[in-house]
Amino acid sequence: MANNRTFTMIKPDAVNNAGAILKMIQEAGFRIVALKQTRLTAEQAGQFYAVHAERPFYKDLVSYMSSGLIFPAILEKDNAVADFRKLIGATNPAQAEEGTIRKIFAQSIEANAIHGSDSDENAAIEGAFFFAGTEQY
Ligand code: ADP
Ligand code: MG
């Protein structure tokens, strides 16, 4: 079952497009297992992106990711992690393929609309970061 789930969040720049983005996700065959609206503190955003702590963009990323509402979600589909990365497109929207969520909705390499886990292991960790202890999934 592990490779049937991934974690995503619609980032602050894209919550206004959440309806259209969720429609694309569902039409691509993903089932929404859990979904909520929340806002991260700078400390929580720093924790979520701790793996990037040494990168030059980390401080900006933390402030951007705590600047407004986000919609975290857990998604289910065969081959969920890889298929979802394909659906969202490259980190930099300028390099994302036509028709991908980032190509359509992202503003910049930082404000790139949406997150997608990069492995089954991280999908489980990231999903638990937002939904552990709830009965939502
Ligand atoms: P992805 O989200 O595609 O897995 P990364 O894990 O490399 O990308 O980076 C995490 C997030 O950090 C990106 O989604 C983006 O918001 C931001 N980011 C990545 N690279 C840069 C960069 N060069 N400049 C500014 N922000 C960046
Ligand atoms: Mg990543």
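1. Helix H1 and its cover. Contact here means heavy atoms within 4.5 Å. Helices (H or I, at least four residues) and strands (E, at least two) are DSSP runs, numbered from the N terminus.

2. Basis. This is a predicted model, in which local features need pLDDT of at least 70 and side-chain atom pairs count only at pLDDT 80 or more, while totals for chains, interfaces and linings use all residues. Residues are numbered from 1 along each chain as its sequence is written, chains are lettered from A and ligands numbered from 1 in the order in which they are written, and side-chain values use heavy atoms, with hydrogens and water left out.

3. An α-helix has 3.6 residues a turn, so residues three or four places apart point the same way. Buried means under 20% relative accessible area, exposed over 50%, and partly exposed in between (1.4 Å probe, protein chains only). After H1 comes Gly 29, with a positive phi near 100°.

4. Surroundings of ligand 1. The residues around ligand 1 are Lys 11, Tyr 49, His 52, Phe 57, Leu 61, Arg 85, Thr 91, Arg 102, Ile 109, Glu 110 and Asn 112; the criterion is a heavy atom within 4 Å.

5. Polar contacts of ligand 1. Oxygen atoms of the ligand are approached by polar side-chain atoms of Lys 11 at 2.9 Å, of Arg 85 at 2.8 Å and of Arg 102 at 3.0 Å. Taken alone, ligand 1 exposes 530 Å², of which the protein buries 79%. Accessible areas come from the Shrake-Rupley method with a 1.4 Å probe.

6. Salt bridges around Glu 76. The whole structure holds 5 salt bridges, each defined as a side-chain nitrogen of Lys or Arg within 4 Å of a carboxyl oxygen of Asp or Glu. One of them joins Arg 5 and Glu 76, N to O at 2.8 Å. This pair links distant parts of the chain, with Arg 5 in strand E1 and Glu 76 in strand E3, 71 residues apart. Arg 31 also forms a salt bridge with Glu 76, the closest N and O atoms being 3.0 Å apart. Here Arg 31 is in strand E2 and Glu 76 in strand E3, 45 residues apart. Glu 76 is buried at 15% relative accessible area, whereas Arg 5 is partly exposed at 27% and Arg 31 is partly exposed at 47%.

7. Lys 103 and Glu 98. The closest N and O atoms of this salt bridge are 3.9 Å apart. Lys 103 is partly exposed, at 29% relative accessible area; Glu 98 is exposed, at 67%.

8. His 115. This residue is in strand E4 and counts as buried, at 10% relative accessibility. Leaving out residues up to four places away in sequence, His 115 touches Phe 7, Thr 8, Met 9, Lys 11, Phe 48, Tyr 49, Phe 84, Ile 88, Arg 102 and Glu 126. Among them, Lys 11, Tyr 49 and Arg 102 also surround ligand 1.

Methods. A polar contact is a pair of N or O atoms within 3.5 Å; within protein, one must be able to donate a hydrogen and the other to accept it, and residues adjacent in sequence count only if both atoms are side-chain atoms.
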